[in-house]
Structure formats: structure tokens, C-alpha cells
Amino acid sequence: MHDIALSGIYFFSIALLYSTVGHAGASGYLATMALLSFTPEVMKPTALALNIIVALVTTVRFAMAGHFFWRLFWPFACAAAPMAYIGGGMSMDAALYKILVGIALVFAALHLMLRINAATDDTEGAPHPGIAASLAVGGGIGFLSGLTGVGGGIFLSPVLISLHWAGFRRTAAVAAAFILLNSITGLAGYLQTGGVFPDHIAFWSVAVLSGGFIGSTLGATRFNSPALRVLLGVMLVMAGVKMVVI
């Protein structure tokens with residue numbers, strides 16, 4: 001029971017921080033559960049379910065602030081949704097799952113720490129990605145999202161920023177909606193194949209709902225903390241290494 005209460009505190013903090021940049025926190029939830037030695041059977045559905053809650057709140061908050069851009073979002077989403085469903089319905093060996101999640105966590109850490117000053121809010125004249133490229137990227141990320149329980153924002157955001165397709169807050173808004181869609185379809189695929197929700201999902205849901213509301217409100221307006229992202233990045237690296245080597 002101690003681990004459940006402790007994870008709830010961590011989940012609240014992760015949801016708050018991640019939602020400031022348009023993410024729902026799946027990599028942080030997975031990192032927490034990895035450090036607390038949760039089983040893969042608990043990790044995947046928990047990350048997807050909590051992602052849905054935080055991504056929904058974050059999408060609404062960033063959209064209300066005028067940062068969402070449908071033209072950028074829909075090609076990625078069209079390919080990602082069915083692939084996330086397929087990935088969510090697939091099961092794999094526990095050791096392989098841990099390796100894939102570990103790699104994803106390290107990638108998320110690098111993304112958080114390296115993007116500190118990489119994005120601005122300047123989207124004027126930003127090139128629109130081609131439809132074919134968007135479909136290919138969206139499909140690949142969607143499949144990986146459903147397979148691991150990571151919503152996909154940690155993979156989509158670097159693409160949007162590095163190719164100058166969007167500024168900071170537009171990337172956050174599009175990533176939040178992308179995560180929401182992937183998490184819904186990924187969880188649907190998981191449940192369709194006989195998966196079940198963990199026992200304590202209601203408690204964790206309240207924790208991330210509170211954190212996500214606070215964080216997305218701050219993120220859609222003015223908040224941006226490089227120091228906190230570095231600290232979170234260190235935590236993700238530790239959890240990722242633990243998943244791979246233990």
C-alpha cells in the first residue's frame with residue numbers, strides 16, 4: 001500500500017510537469033513504476049489510462065488558448081490511431097517489453113533535456129509537412145505508443161521542433177491531442193484482447209487529473225521550467241537503465 005500512495009504523489013507531480021509542455025506523462029509514469037518494480041501487466045494499462053485523462057485536459061486547455069492547429073495534426077493522427085490499436089492489442093515477452101520501455105524512457109529524457117532552449121513560439125512561415133511524411137511518422141509512432149504504453153508525444157514533439165514545423169506551444173497543443181488519440185486506441189486494443197485495469201486506477205486518476213489541470217493551465221500561458229525538466233530527465237534515465245539491465 002505504501003508504494004501505491006507514493007506512486008500517487010509521483011504521478012501528480014509528473015502530470016503537472018509534463019502537461020506544461022503538452023505531454024501527458026506516460027514516460028514519467030512508466031519510470032515511476034519501473035523504479036517501484038511494478039509488473040508490465042500493471043505498467044502498460046496504467047500509463048495508457050492516465051495518459052487519456054491528462055491528455056484530454058491538456059488538449060482542451062491549449063486549444064482554448066488558441067494553440068491547436070488542425071492542419072498539422074490530422075495527417076499524423078490518421079495513421080497513428082489504427083497502428084496504436086494494433087500495438088495496444090499485442091503482447092510480448094516481459095524482458096523485451098522492459099527493454100523497449102527502457103529505450104523509450106532514455107529517449108524521453110534526452111528530448112526533455114535537449115529541447116530546453118530549442119523551441120520558440122515563432123510559427124510564422126513554418127513549412128507544412130508533406131502528407132506522406134506525416135502518415136509515415138504518425139503510423140510508426142502510433143504503433144510504438146500502443147505497444148509500450150507511451151503516448152507518442154515524446155517522439156512527435158522532437159520531429160515537429162527539429163524540422164521547424166511548429167513552435168513551442170503549437171507543438172505542445174498538437175502533441176497533447178496526438179497523445180490523447182493514441183492512448184485511447186492503444187487502451188482499446190489492450191482491453192479488446194482481454195486486458196484489465198489495475199486495482200488502484202481510480203486513485204491514480206484523481207492524482208493525475210489534479211496535476212494535469214494545474215500544469216496545462218500554466219503551460220498554455222507562461223510557465224516553462226528548464227531546471228525541472230533536467231531533474232525529470234535524470235529520473236527517466238535512471239528508470240530506463242533499470243528497465244534494461246535488471
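Trp70 and Phe73 both belong to helix 4 (residues 70-88), where they sit 3 residues apart, about one turn of the helix. Helices here are DSSP runs (H or I, at least four residues), numbered from the N terminus. The model is predicted, so local features need pLDDT of at least 70 and side-chain atom pairs count only at pLDDT 80 or more, while totals for chains, interfaces and linings use all residues. Residues are numbered from 1 along each chain as its sequence is written, and side-chain values use heavy atoms, with hydrogens and water left out.

A pair of aromatic rings is described by the distance of the centres and the angle of the planes. Rings of Phe, Tyr and Trp (its six-membered ring) pair if their centres lie within 6.5 Å; planes under 30 degrees apart count as stacked, over 60 as edge-to-face and the rest as tilted. This rule gives 6 aromatic pairs. The ring centres of Trp70 and Phe73 are 5.7 Å apart and their planes stand at 50 degrees, so this pair is tilted.

How do two helices pack together? The axes of helix 2 and helix 3 (residues 40-64) come within 9 Å and cross at roughly 145 degrees; axes are lines fitted to C-alpha atoms over the stretch in contact, and angles run from 0 to 180 degrees between N-to-C directions. The contact (heavy atoms within 4.5 Å) involves Ala26, Tyr29, Leu30, Met33 and Ala34 of helix 2, and residues of helix 3 including Val42, Met43 and Leu50. By class, this contact has 10 nonpolar, 2 polar and no charged residues. Here Ala, Val, Leu, Ile, Met, Phe, Trp, Tyr, Cys and Pro count as nonpolar, Asp, Glu, Lys and Arg as charged, and the others, Gly among them, as polar.

Grid points are joined across faces, edges and corners, and a volume is the space filled by probe spheres set on the points. The count is 1 cavity of 30 Å³ or more. The largest cavity has a volume of about 60 Å³, and the largest pocket about 290 Å³. Helix 3 gives the most to the lining of this pocket, with 4 residues.

Notes:
1 Å grid on protein atoms, 1.4 Å probe; cavity = no way out; pocket = protein on both sides within 12 Å on 5 of 7 lines; lining within 4 Å.
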